[in-house]
Amino acid sequence: MVTNALPALRAWADQGMDSLRSITRADVVTVLPDSGTPRVDMLQGLRHILRPLKNRRIIFTDPTARIFCGMPTTTIPLPVEVDDLRKVLHDQEVPRAALAALAIFHALTTGHLRMVKTTDLRDGRLFLPNRTVLLADPVRTRLAAYLDYRNHRWPRTANPHLFVSQTTGCGVEPVSNVWINDVIGMPTSRLREDRLLHEAEATGGDPRRICDLFGLSVGAALRYTGTIDQPGLVEHSLRNAGPHPRSATDDIG
């Protein structure tokens with residue numbers, strides 16, 4: 001978050017300001033973007049720097065005080081092309097197919113994928129901290145293949161996490177967010193959003209269903225149910241007419 005303040009700090013440095021003690025409220029207002037997410041991110045970054053300095057009496061006043069932060073720009077979640085989903089699910093790289101299957105069918109986050117342990121898989125279910133997931137058959141198939149791959153490549157690893165890499169196979173730490181996204185070939189969040197959109201459409205925009213299945217808050221679920229019948233998404237669905245991987249499991253299992 002502090003990195004969001006760097007453009008402001010560089011701008012002040014270019015103006016010859018060599019101390020944060022000389023920064024005024026007017027300087028902050030001048031450098032801030034007008035609105036939206038960039039304004040929110042920069043102001044929060046500055047506050048993470050200046051408020052601790054004020055509390056420690058290194059600077060006399062906090063120039064970010066009483067400046068309206070504004071609201072982040074709301075983004076609309078978008079579906080993923082069906083061909084892209086099929087491609088990643090059919091990939092010959094076993095870790096990629098397993099990671100993608102968990103995100104595509106069960107909307108797991110990158111954090112879930114990083115931290116899930118081998119002992120969390122039992123009896124065809126995945127036991128997460130806040131919910132238990134009954135795994136779809138295509139997911140079980142890909143996880144079984146991945147476990148064979150994992151046991152063959154790292155037969156003596158002490159790492160308790162389900163997904164391991166060349167770096168973590170010799171230790172006990174989880175893989176990184178970057179590693180997961182690199183292996184999948186796209187941000188995990190895109191696959192997760194596609195799954196949540198699919199559920200919103202399948203249930204006619206029932207937020208309670210999404211909350212119960214995926215552990216979202218009502219507010220987070222409404223972000224997906226609010227996309228129902230939006231023209232842009234309808235056009236996207238028409239362009240992608242045909243069986244969806246999650247509804248045509250015979251084709252991908």
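Residues are classed by relative accessible area as buried (under 20%), exposed (over 50%) or partly exposed (in between), with a 1.4 Å probe and protein chains only. The structure is a predicted model, in which local features need pLDDT of at least 70 and side-chain atom pairs count only at pLDDT 80 or more, while totals for chains, interfaces and linings use all residues. Residues are numbered from 1 along each chain as its sequence is written, and side-chain values use heavy atoms, with hydrogens and water left out.

The chain contains 13 helices and three strands, assigned as DSSP runs (helices H or I, at least four residues; strands E, at least two) and numbered from the N terminus. Of its 253 residues, 41% are buried. The accessible surface, computed by the Shrake-Rupley method with a 1.4 Å probe, is about 14100 Å², and carbon and sulfur atoms account for 52% of this area. Where contact means heavy atoms within 4.5 Å, 59% of the contacts between residues at least 6 apart in sequence join residues at least 24 apart.

Most residues other than glycine have a negative phi. In Arg-57, phi is positive, near 60 degrees; Arg-66 likewise has a positive phi of about 60 degrees. Arg-57 is exposed, with a relative accessibility of 74%, and Arg-66 is exposed at 77%.

Helix H5 (residues 94–106) packs against helix H8 (residues 177–184) at an angle of about 105 degrees, and their axes lie 8 Å apart. Axes are lines fitted to C-alpha atoms, for helices over the stretch in contact, and angles run from 0 to 180 degrees between N-to-C directions. H5 and H8 are therefore roughly perpendicular to each other, a class that spans 65 to 115 degrees. H5 contributes Pro-95, Arg-96, Leu-99 and Ala-100 to the contact, and H8 contributes Trp-179, Ile-180, Val-183 and Ile-184. Seven of these residues are nonpolar, none is polar and one is charged; Ala, Val, Leu, Ile, Met, Phe, Trp, Tyr, Cys and Pro count as nonpolar, Asp, Glu, Lys and Arg as charged, and the others, Gly among them, as polar.

The three strands form an open sheet in the order E1-E2-E3, with antiparallel pairing. Strands E1 (121–122) and E3 (132–134) are the edge strands, each pairing on one side only. Pairing requires at least two DSSP bridges between two strands, and E1 and strand E2 (residues 125–127) are joined by two bridges in the antiparallel sense. Arg-122 has Arg-125 of E2 as its bridge partner.

How values were computed: Angles under 35 degrees count as roughly parallel, over 145 as roughly antiparallel, 65 to 115 as roughly perpendicular and the rest as oblique.
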